[in-house]
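Below are some comments for a colleague who has the coordinates open and wishes to go through them point by point.

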Amino acid sequence: MENTFKQKFENFEPEVPQKLFNQVLDAVEKQTQSSRPKSTNAVLWLAVSIVAFVAVIATIYWPTKTDVKHPVTENKTSITKEPINVPKTESLTTEDQARRKNEQKSIEIPTGNSSAKNNDKAIDLNQKLASSEQEEINNSVSLAEEISGVKFQIIGQRFVCDANKAELKLSKIVEGTWSSYPTVDFKTTKDNGIIAKVKNPCKVLFTYQTRTAQDTFTVFFVKSANLTYTLVNEDCGEENGSITFATKPNRQLKSENTYILNNNTIEHLIPNRFNFRFSDQYQCSYMLDVEMPEDNLDGTINTQAMEYRSGFPIYFDLSSSSKNFDCIWNFGDGEQQYGLTTEHVYKEPGEYKVQLQLIKANCNNTIEKLIVIEEAKPKLPNVFTPNNDGKNDVYQVSVPENAKTFEAFVMDLKGHLIYKWEDPKQGWDGRGLDGGDVPEGAYLVVLRGKDSTNHVFEYKSLIELIR
Amino acid sequence: MNQKQKDIFSDLYRKYASYLYGVCLRYTKDKEDAEDVMQEGFIKIYNALEAFRGDANIKTWMQKIMVNTAINFYRHKKVIDFQSIEKSDVYWLKSDNEDVFSTLTAEELLNLMHDLPDGYRLVFNLYAIEGYKHREIAEMLNINEGTSKSQYSKARKMLQELAEVKLGIKEINVAL
């Protein structure tokens, strides 16, 4: 497995940024200059050579360079056009105008939306929203205008989490027109409100304008953040655990139940199961069920095996109250494994001390179990009754599962070969090589072979044939 | 730097920069860091060129210098965090699924590695790719052998998790 990782990178030669060579050369040059006085000639020569070299490099790399994608600029279009639908009226304050200018600069919308790459872009955008609009959130509350006795107000939800629709209404029905910046799809409802749809997280400014007045309303279409947490139970013990939450993109979390958040961390927790509820500054809410486990780094090692013999797999697992830690198994023969359950094949018989190291944060504990591995020995029955009664009619032996080579002989007591077979699944049915039944009596069975670790085995057994 | 040195150096750079940049990318979290390490490493290579024994493999030798530079880079930044980043359900619910890795290209794996915490990435690189033993890694990084092992196993699990997430088996974000 590790070899695969190695192989993957053996011929991994990504394109080097071209500017890097000059940087490296400059750095080396700077360093040599500081230890040696420079001559103007050398500097001049250097400059010439750098230019020449860059030219060479450029010609070498240029053809491949054309289809190189620029991940930063790709898939993005900046909105630089004037907003089409924003009505220009006297009632816009200069502050409003300044704000709109900023919007034009800062809002970038990814054009694609299917691949993971684009998904990342959406997050970028989201992050942008989070950082650049934060101060504006509080003062973007819209004010009703009252001119010539016409009073209306746009009502709606300012933050829309994980949805693409927003509905806005008017407090009073007054004839007028809706517009938005940036332009989005919207549909007018019966009561003169709108249902607006967007595809990506963004901030949209909706304007309703009547003949004499206008009102604006900002809606933030935001994605919920990806909430993760880090659990620390530092004492290796029973209390004072803490949970630190992180969100991507960065959001300010407020706990909705009673826990006190300090730097996104909740401290002094005892081992228990907690249900946390949060909301962020966009009023997106989050729920998280977290278990602060007791760090009970203890348990017993269980083993299971068909045969506790060399060449047979032995299965290991652990009984413990908690499983929230990392395990390192040392099998006592120099081999190692990770994981809660594991298996191991001992190559040689012997007595092994199996050690299991349980690790969690700063805490660790080692538990042990002694295990005795016997020599891989086939089972050799000593009585054989090939009388076609369905019982014990074929003489079979069990050999190590992993036997690489295998052969078995039957000899009479004078040493003549009676029968032989090489497939462990087969056996002897009491007939000689010529196909005739052999007489009752004592015979010698010899098994020979190598297991997968090239350990040679040879067993002999005297058996009695009775019909 | 005289003409001859410069020629040798430029030659080395042209021949191996691409491969060594790959090494730098593996050890760092992004391209900027990789470029820093690369620059630093090449300065060291230049300084050590005279001491280079002709019988050693120059590619391996340069790679070793890069690796050491990368280790020092993070050590100086004091950002190696060998504490575990516990996400209680990650490390034991899943059995190790090697298939996840076998289908990945170097670029894809690299992309996942960039998301690893620095400590995990360092140990993963040294053990799985460079082929150092945990004992040697422990010495190099001045940590316990056990830490190296557990960091490695966590790195594997986390990579697996990342691979699954990025291959689309799981969604990270709620779709808008």
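This is a predicted model: local features need pLDDT of at least 70, side-chain atom pairs count only at pLDDT 80 or more; totals for chains, interfaces and linings use all residues.

1. The values discussed here are computed from its atoms, and local features are considered where pLDDT is at least 70.

2. The secondary structure of chain A consists of six helices and 30 strands. Chain A has 467 residues, of which 25% count as buried. When contacts in chain A between residues at least 6 apart in sequence are considered, 57% of them join residues at least 24 apart.

3. Chain B, by comparison of element types, has nine helices and zero strands, and its order from the N terminus on is accordingly written α-α-α-α-α-α-α-α-α. Of the 176 residues in chain B, 39% are buried. Among the contacts in chain B with a separation of 6 or more, 72% are between residues 24 or more positions apart.

4. How do helix α1 and helix α2 of chain B cross, and at roughly what angle? Their axes, for α1 (residues 3-27) and α2 (residues 31-48), come within 9 Å and cross at roughly 135°. Because of that angle, α1(B) is oblique to α2(B). The crossing in which α1(B) passes α2(B) is right-handed.

5. The contact between these two helices can be followed residue by residue. On the α1(B) side it is made by F9(B), Y13(B), L20(B), Y21(B), C24(B), L25(B) and Y27(B), while α2(B) contributes A34(B), V37(B), M38(B), G41(B), F42(B) and Y46(B). Sorted by residue class, the contact of α1(B) with α2(B) has twelve nonpolar residues, one polar residue and no charged residue.

6. The crossing of α7(B) and α8(B) is right-handed. Its contact involves L122(B), V123(B), L126(B) and Y127(B) from α7(B), together with H134(B), I137(B) and L141(B) from α8(B). The residues of this contact of α7(B) with α8(B) comprise six nonpolar, one polar and no charged.

7. Which residues of helix α8 (residues 134-141) of chain B are buried? They are H134(B), I137(B) and L141(B). Following α8(B) comes N142(B), and the phi of N142(B) is positive, near 60°.

8. In helix α2 of chain B one also finds A48(B). Is A48(B) buried or exposed? A48(B) is exposed, because it has 12 other C-beta atoms within 10 Å, and a residue with 12 or fewer is placed in that class. The C-alpha atoms of A48(B) and M62(B) are 9.8 Å apart in space, with the two residues 14 apart in sequence.

9. Y181(A) and P182(A) are joined by a cis peptide bond with an omega of about -5°, and P182(A) is situated in the loop between β8 (176-181) and β9 (185-188) of chain A. K248(A) and P249(A) are likewise joined by a cis peptide bond, where omega is about -5°. P249(A) belongs to the loop between β14 (241-248) and β15 (254-255) of chain A.

10. Positive phi values in chain A form the last topic. N264(A), a residue other than glycine, has a positive phi near 65°, and its place is the loop between β15 and β16 (265-269) of chain A. N264(A) counts as partly exposed because 18 C-beta neighbours lie inside 10 Å. For Q283(A), which again is a residue other than glycine, phi is positive and near 65°. Q283(A) is located in the loop between β17 (272-279) and β18 (285-292) of chain A, and with 14 C-beta neighbours inside 10 Å it counts as partly exposed.

Terms used. Residues are numbered from 1 along each chain as its sequence is written. Chains are lettered from A and ligands numbered from 1 in the order in which they are written. Axes are lines fitted to C-alpha atoms, for helices over the stretch in contact, and angles run from 0 to 180 degrees between N-to-C directions. Helices (H or I, at least four residues) and strands (E, at least two) are DSSP runs, numbered from the N terminus. Angles under 35 degrees count as roughly parallel, over 145 as roughly antiparallel, 65 to 115 as roughly perpendicular and the rest as oblique. A crossing is left-handed if the near helix is turned anticlockwise from the far one by less than a right angle, and right-handed if clockwise. Two residues are in contact if their C-beta atoms, placed from the backbone, lie within 7 Å. Ala, Val, Leu, Ile, Met, Phe, Trp, Tyr, Cys and Pro count as nonpolar, Asp, Glu, Lys and Arg as charged, and the others, Gly among them, as polar. A residue is buried if 20 or more other C-beta atoms lie within 10 Å of its own, exposed if 12 or fewer, and partly exposed in between; C-beta atoms are placed from the backbone.
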